[in-house]
Amino acid sequence: MIKILDFFEYARSESLWMAHFCTGCCSLEMAAAMGPRYDWERYGYMPTPTPRQADVLMITGLVSKKILPALLRTYAQMAEPKYVLALGACSFDGGPYNDSLSVIKNPTEILPADAFIAGCPPKPEAIIEGLERIKEKIRAKEPSAASQGGLWKEMEF
């Protein structure tokens, strides 16, 4: 017998709304995933202009020391449960800019991601696959990685 709450988890996983934090070239591939060839709305993904209605925060590029407070503020404004998707090398370790003094070397220590998508930039197929992994976490009722830990809880923003 299917419980009502299981139905709500399924419905939540099939209609993900995303706040995209576009700070790099990975956002161009994200736009390609939205386009007519891949059409991610068929899979139930929808961008939203406000973080207050978003389920997933997509970090699509470089995280600098100057932009970090805005990223954490965006994440804090999202309603629970909230998940993080990191696109490309820059959102994982700074990518080709990791030797710069203004770049956060490992932003996922501060705000842990639930799924990483490799590539510089990743292909649209990989972006959709990463979002499917987040759907699986929601259906399995797994808590998000950022709710389990991360330095973002200790930082003021």
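Which residue in β4 does Val-56 stand opposite? In this predicted model, local features need pLDDT of at least 70 and side-chain atom pairs count only at pLDDT 80 or more, while totals for chains, interfaces and linings use all residues. Residues are numbered from 1 along each chain as its sequence is written, and side-chain values use heavy atoms, with hydrogens and water left out.

Val-56 stands opposite Tyr-83 in β4. Strand β3 covers residues 56-59 and runs parallel to strand β4 (residues 83-87), to which 4 bridges join it. Strands are DSSP runs of E of at least two residues and helices are runs of H or I of at least four, numbered from the N terminus; two strands pair if DSSP finds at least two bridges between them. Strand β1 (residues 16-21) is also parallel to β3, again with 4 bridges, and Phe-21 stands opposite Ile-59.

In a regular strand the side chains alternate between the two faces of the sheet. In β3, Val-56 and Met-58 point one way, Leu-57 and Ile-59 the other, and all are buried (under 20% relative accessible area; exposed is over 50%, partly exposed in between; 1.4 Å probe, protein chains only).

Thr-108, in helix α5 (residues 107-110), counts as buried because its relative accessibility is 14%. Contacts of Thr-108, not counting residues up to four places away in sequence, are Ser-91, Phe-92, Ala-113 and Phe-116, where contact means heavy atoms within 4.5 Å. The C-alpha atoms of Thr-108 and Val-84 are separated by 9.6 Å, with the two residues 24 apart along the chain. Tyr-10, in helix α1 (residues 4-13), is partly exposed at 45% relative accessible area.
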